[in-house]
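Thanks for coming, everyone. Please bring the structure up on your screens, and I'll walk you through it.

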Amino acid sequence: MSRDRRPLTDVSAKPSGAQPISKAAELTALLEAHSGERHAIVMQDYPDPDAISGAWAHKLIAARFAVDCDIIYEGRISHQENLALVQLTEVEMVRYSEGYNLEQYQGTVFVDNQGTTAALTDRFTAAGVKPLVIVDHHEKQDRIEAEFTDIRKIGATATIYTEYIREGLLELNKSNPIHVKLATALMHGIRSETSGLIRAREEELEAASFLSRFADSSLLEDILSAKRSKTVMDVIRLALENREIRESYSISGVGFLRSEDRDSIPQAADFLLTEENVHTAIVYGIILKGDREMVVGSMRTSKVTLNPDEFLKEALGATDMGRYYGGGRRGAGGFEIPIGFLAGIKDDELVRMKWRLYDELIKKKLLEKIGVPPPTIRSETPRSDTGALPTGGLRVEEI
Ligand SMILES: [Mn+2]
């Protein structure tokens, strides 16, 4: 790949008068100032196509300024479409493991996240590596500060990187297979954040139209035709069986899941959203990660006036330290509630009671936020006979 840098006519021109400096020009200046360095592009723990394609675009742009980047994540890529994306595009990523040398980097770059959803944030802070760049489309969070920040309330991070490319930070060439794969990945990133462009607004449609000149549609088809795994099908079945629909909200708890199956939760939420008269779907379960446990949930909505970030923050609140359990962006949100003292219980009956407790509490908080009275808590009747759900005699009031 060529690293020669031609003058960026649009973006390197000095702004005249009161004209604001474009974000592309600002990023150019930052990369020029850090030329010769090595940076870590940090993705959220469970990277999605938007994060992967945005990170890759950043890596290729940075390379033009002689900034070498590694794309790093901790956690897992488990969604079949994401695995297909990585395999077919051959984008190189590092999965963090204990002992990996973080001090080799002179700075960190947060793409499609602001440090709150990446376990690597604390590790890099501990290693003394400073955040240099944040490019994201989630609601602004204040976990980290960087030299360059571009946070916009739009459909996808891939849209922002497409804009940088269009402004001259990377000149795409249709005969360069890497560029074709990057354009395809960015297209997939945008599509996956906008339900296949159905929820796309002007920015996403313009970006997609630009990318379509370089993207490989048969490669995109291959990525999209990845099949759902059996686990995902099972979790969708549980989500369907357990769902409770109130005021066009579909809410469902799916019980305990292994950490590697975490991606089935957003997929189940996507599925519940396809039901007639449902505008919002929320699916949650308890994830087991070693001896740590947490309630993990996903929210999807097609209701334009509903802000998932606000909804989840108001419904679920924050920790003693003021960190919110949930957050989101347009159309989607997620939450994580650590289970401290109650984690690691092995006794079957207690495990069932624990699920029951969290299931009822979360449902109660969500229903309160929606503004419907929560159902009376059943003390005797089993919720269903799926086996994953409890039948214990626990009353929330007793805790
Ligand atoms: Mn995103």
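Two strands pair if DSSP finds at least two bridges between them. Keep that in mind, and keep in mind that this is a predicted model.

Let's apply the rule. β7 and strand β8, residues 249–258, pair in the antiparallel sense over 3 bridges. Look at Glu244: its bridge partner in β8 is Ile251. How many residues lie between β7 and β8 in their hairpin? There are 2. Glu247 sits in that turn, and its phi is positive, about 50 degrees.

Now β8 on its own. It is largely enclosed by the rest of the structure, because 7 of its 10 residues are buried. β8 also pairs with β9, in the parallel sense, over 8 bridges. Within that pair, Arg258 stands opposite Leu288 in β9. To get from β8 to β9, the chain goes through α11, and this β-α-β crossover is right-handed.

Zoom out to the sheet. It is open, with 6 strands in the order β7-β8-β9-β10-β12-β11, and the pairing is mixed. Which strands are at the edges? They are β7, residues 244–246, and β11, residues 326–329, and each pairs on one side only. From one strand to the next, the twist averages 20 degrees.

Next, the helices on this sheet. α11, residues 264–272, lies across β8, β9 (280–289) and β10 (292–301). Its run makes about 160 degrees with β9. Helix α12, residues 308–316, packs on the sheet too, touching β10, β11 and β12 (332–338). The direction of α12 makes about 170 degrees with that of β11.

On to the cores. In general, nonpolar side chains in soluble globular proteins tend to be buried together. Here the largest nonpolar core has 57 residues. Which residues have the most contacts inside it? They are Ile41, Val42, Met43, Val109 and Leu186. The largest share of this core comes from α3, with 8 residues. There is also a second, separate core of 37 residues, including Ile265, Leu272, Met294 and Leu312.

Take Ile41 from the largest core. Leaving out residues up to four places away in sequence, Ile41 touches a set that includes Ala55, His58, Cys69, Ile71, Val109 and Val111.

Stay with α3, residues 49–63. From its first C-alpha to its last it reaches 21 Å, close to the 21 Å expected for its 15 residues.

Now some backbone angles. Most residues other than glycine have a negative phi. Asp112 is not a glycine, yet its phi is positive, about 65 degrees. You will find Asp112 in the loop between β4 (107–111) and α5 (120–126). Is Asp112 buried or exposed? It counts as buried, because it has 31 C-beta neighbours inside 10 Å.

Ser195 also has a positive phi, near 45 degrees. Its loop runs between α7 (177–193) and α8 (202–211). Ser195 has 16 C-beta neighbours inside 10 Å, so it counts as partly exposed.

One more loop. Arg330 lies between β11 and β12. Why is Arg330 called buried? Because 22 other C-beta atoms lie within 10 Å, and the cut-off for buried is 20 or more. Not counting residues up to four places away in sequence, Arg330 touches Lys153 and Gly155. Then look for His138: it is 192 residues from Arg330 along the chain, yet their C-alpha atoms are separated by 7.8 Å.

Last, the whole protein. It has 399 residues, and 43% of them are buried. The secondary structure comes to 13 helices and 12 strands. What about contacts with a separation of 6 or more: what percentage joins residues 24 or more positions apart? That figure is 69%.

That's the tour.

Key. Residues are numbered from 1 along each chain as its sequence is written. This is a predicted model: local features need pLDDT of at least 70, side-chain atom pairs count only at pLDDT 80 or more; totals for chains, interfaces and linings use all residues. Helices (H or I, at least four residues) and strands (E, at least two) are DSSP runs, numbered from the N terminus. Axes are lines fitted to C-alpha atoms, for helices over the stretch in contact, and angles run from 0 to 180 degrees between N-to-C directions. Two residues are in contact if their C-beta atoms, placed from the backbone, lie within 7 Å. The expected span of a helix is 1.5 Å times one less than its number of residues. A nonpolar core is a set of buried Ala, Val, Leu, Ile, Met, Phe, Trp, Tyr and Cys residues joined through C-beta atoms within 7 Å. A residue is buried if 20 or more other C-beta atoms lie within 10 Å of its own, exposed if 12 or fewer, and partly exposed in between; C-beta atoms are placed from the backbone. A crossover is right-handed if, with the strands pointing away from the viewer, the path from the first strand over the helix to the second runs clockwise.
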